[in-house]
Amino acid sequence: MLQADPILQTKDLSVYYGANRVVTEVTLDVLRNRITAIIGPSGSGKSTLLRCFNRMNDLIPTFRLSGEVLFEGRNLYTPTVDPTEIRYQIGMVFQRPNPFPKSIFDNVAFGPRINGYNGNLADLVERSLQRAAIWDEVKDRLKSSALSLSGGQQQRLCIARTLAIEPTVILMDEPCSSLDPIATLAIEELMRELSEDYSIVIVTHNMQQAARVSNYTAFLMAEGDRVGQLIEFGESRQIFTNPQDERTEAYITGRFG
Amino acid sequence: MAVIAPRDFRKRMNRRKWEGRAFYVLCLLAITVALAMLAVLLIYIAVKGYSQVNWSFITSFPSRHPDEAGIKSALLGSIYLVIIAGLVSFVLGVGAAVYLEEYAGRNRFAKIAQINIANLAGVPSIVYGILGLEIFVRSLHLGKSLAAGGFTLALLILPIIIIASQEAIRAVPPSIREGGYALGASRWQTVWHLVLPQAFSGILTGVILAVSRAMGETAPLIVIGALTFVPFTPDGPLSRFSALPIQIFNWTSRPQAGFQEAAAAGIIVLLILLLSMNALAVILRNKLENRS
């Protein structure tokens with residue numbers, strides 16, 4: 001199947017912060033135009049794994065990794081790869097909405113501007129806000145501060161900001177954890193729409209969310225010193241209805257975590 | 001069962017109340033003494049000098065006759081000095097702070113620099129005067145000029161500005177930087193477009209407070225050779241100069257009562273300038289706090 005080729009892959013990926021290993025020997029394929037959820041208890045290395053895909057971990061001085069992370073077949077961690085070049089192809093939405101203290105327009109325009117976009121900026125901003133399903137709410141106040149928006153609106157603005165650089169992949173690190181159920185639903189619906197054009201990887205604490213929105217699910221957990229190991233990976237339907245590993249079953253039925 | 005018998009508790013209770021009360025009074029006394037000293041100083045100066053503070057005092061050059069003497073050249077000198085010192089230390093200070101906060105990480109050089117900046121902030125100002133005399137006046141041949149004075153004051157307030165700017169930069173939430181990096185911004189773009197704009201009011205507050213300290217400095221200017229009698233307006237950065245504190249210092253050492261009054265009047269002008277600069281810093285800081 002043409003659509004099902006992997007866009008991101010990890011091969012034997014281990015991540016260390018100083019002497020602590022926080023992701024252990026993960027081998028995983030993220031498929032193009034699919035939503036892949038990463039679930040697992042707190043401290044199981046979900047976010048760290050996600051941040052390997054756009055090299056956000058580089059900002060942590062003691063970070064080091066072994067194994068490979070491939071984006072469209074190319075190793076992201078070879079010395080010739082510039083992280084900024086990766087990050088404008090692989091966008092990221094964070095746990096807490098983090099709009100810049102600028103106007104709504106300037107928030108969305110920031111990425112295109114710094115990356116040297118020279119088309120019609122106003123069109124791009126409008127298109128991005130529309131795709132993030134927030135245009136109708138903000139079209140009359142593009143000049144007002146992004147901080148005047150509600151939490152759910154801010155998160156959709158952050159998604160619009162990410163869409164404006166037209167990435168191939170969108171990484172989402174618990175994007176709904178600080179939102180109320182209604183805003184959460186809006187974001188989930190948005191993710192489903194976006195998955196037609198983008199590959200999405202979402203880290204979530206919320207198993208219902210993973211079951212609702214994702215096509216594939218990876219379950220990580222810590223066992224002894226093997227922190228952040230991949231226990232099971234497969235189609236979400238299968239993971240949530242018929243898990244192969246008893247640890248997965250224990251987790252999704254709420255026996256721990 | 002209570003561990004402490006009620007009888008024991010009550011016995012100690014009275015004493016504890018008294019201790020609390022005594023401590024409160026002690027603290028109140030401390031603030032009263034501090035404020036009273038300031039009030040006495042202000043009243044003494046105001047009574048002595050207010051009759052001299054008028055437009056001609058501000059617009060006249062110094063004179064041998066106390067009632068004709070004015071602070072025009074000293075005031076202009078002070079303003080030029082703090083403009084030079086402010087600009088130089090702003091550029092160097094913010095640059096150093098950005099390096100230390102955004103680039104250096106935890107390397108050895110940064111650690112050593114950090115410790116030394118904290119130490120420099122405690123170096124007596126006269127030492128900076130000697131440094132300025134050697135470097136700017138003599139080695140760089142700037143002479144006993146406004147530029148030499150301004151640069152010396154810039155060095156003096158540089159550590160304060162670096163520390164204040166570092167604090168302002170550190171107060172910008174990491175999530176803002178992450179947001180920038182995640183959109184493909186380079187480090188320079190993140191610092192320039194996201195971090196500095198948000199840290200700016202904090203930095204400005206630090207600069208204003210530092211500059212107002214520079215404005216009151218006397219010792220380093222005496223060392224680098226500020227004049228006490230300047231009957232001309234400084235016409236450029238290489239012009240010789242006086243400054244308000246120098247002028248005041250000079251007048252207080254004169255025997256005539258008239259010059260004592262002129263000195264008090266000069267102090268009033270200097271205090272008004274300093275207090276308004278501090279007020280501006282407070283206003284900026286409040287604005288910053290309201291925004292975040």
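**Ground rules.** I noted that this is a predicted model, in which local features need pLDDT of at least 70 and side-chain atom pairs count only at pLDDT 80 or more, while totals for chains, interfaces and linings use all residues. Residues are numbered from 1 along each chain as its sequence is written, and chains are lettered from A and ligands numbered from 1 in the order in which they are written.

**Entry 1: the chain B side.** Helices are DSSP runs (H or I, at least four residues; strands are E, at least two), numbered from the N terminus.

**Entry 2: Ala182(B).** I picked one residue of helix α7 of chain B, Ala182(B). Is Ala182(B) buried or exposed? Ala182(B) counts as buried, because it has 27 C-beta neighbours inside 10 Å. The cut-offs are 20 or more other C-beta atoms within 10 Å for buried, 12 or fewer for exposed, and partly exposed in between. Leaving aside neighbours within four places in sequence, Ala182(B) is in contact with Asn54(A), Met56(A), Arg87(A), Gly91(A) and Met92(A). I also looked up Pro62(B), which is 120 residues from Ala182(B) along the chain; their C-alpha atoms are separated by 61 Å.

**Entry 3: α3 and α8 of chain B.** Two packed helices are described by the angle between their axes and the distance between the axes. Axes are lines fitted to C-alpha atoms, for helices over the stretch in contact, and angles run from 0 to 180 degrees between N-to-C directions. The axes of α3 (residues 72-103) of chain B and α8(B) come within 9 Å and cross at roughly 140 degrees. The two helices α3(B) and α8(B) are therefore oblique to each other. The cut-offs are under 35 degrees for roughly parallel, over 145 for roughly antiparallel, 65 to 115 for roughly perpendicular, and the rest oblique. By class, I found 13 nonpolar, three polar and two charged residues in the contact of α3(B) with α8(B). Among them are Val82(B) and Phe90(B) in α3(B), and Val195(B) and Ile203(B) in α8(B).

**Entry 4: α6 and α7 of chain A.** I turned to α6 (residues 151-163) and α7 (residues 181-194) of chain A, which pack at an angle of about 20 degrees with their axes 9 Å apart. That makes α6(A) roughly parallel to α7(A). In α6(A), Gly151(A), Gly152(A), Gln155(A), Arg156(A) and Ile159(A) meet Ala183(A), Ala186(A), Ile187(A) and Leu190(A) of α7(A). I counted these by class as five nonpolar, three polar and one charged.

**Entry 5: α10 of chain B.** I found that helix α10 (residues 244-252) of chain B is mostly covered, with seven of its nine residues buried. Trp251(B) and Asn250(B) are among them.

**Entry 6: domains of chain B.** The domain assignment, automatic or from a database, gives domain 1 (16-52) and domain 2 (57-291) in chain B. Their centres, taken over C-alpha atoms, are separated by 29 Å. Six residues of domain 1 are in contact with seven residues of domain 2.

Definitions and conventions:
Contact = placed C-beta atoms within 7 Å. Nonpolar A, V, L, I, M, F, W, Y, C, P; charged D, E, K, R; others polar.
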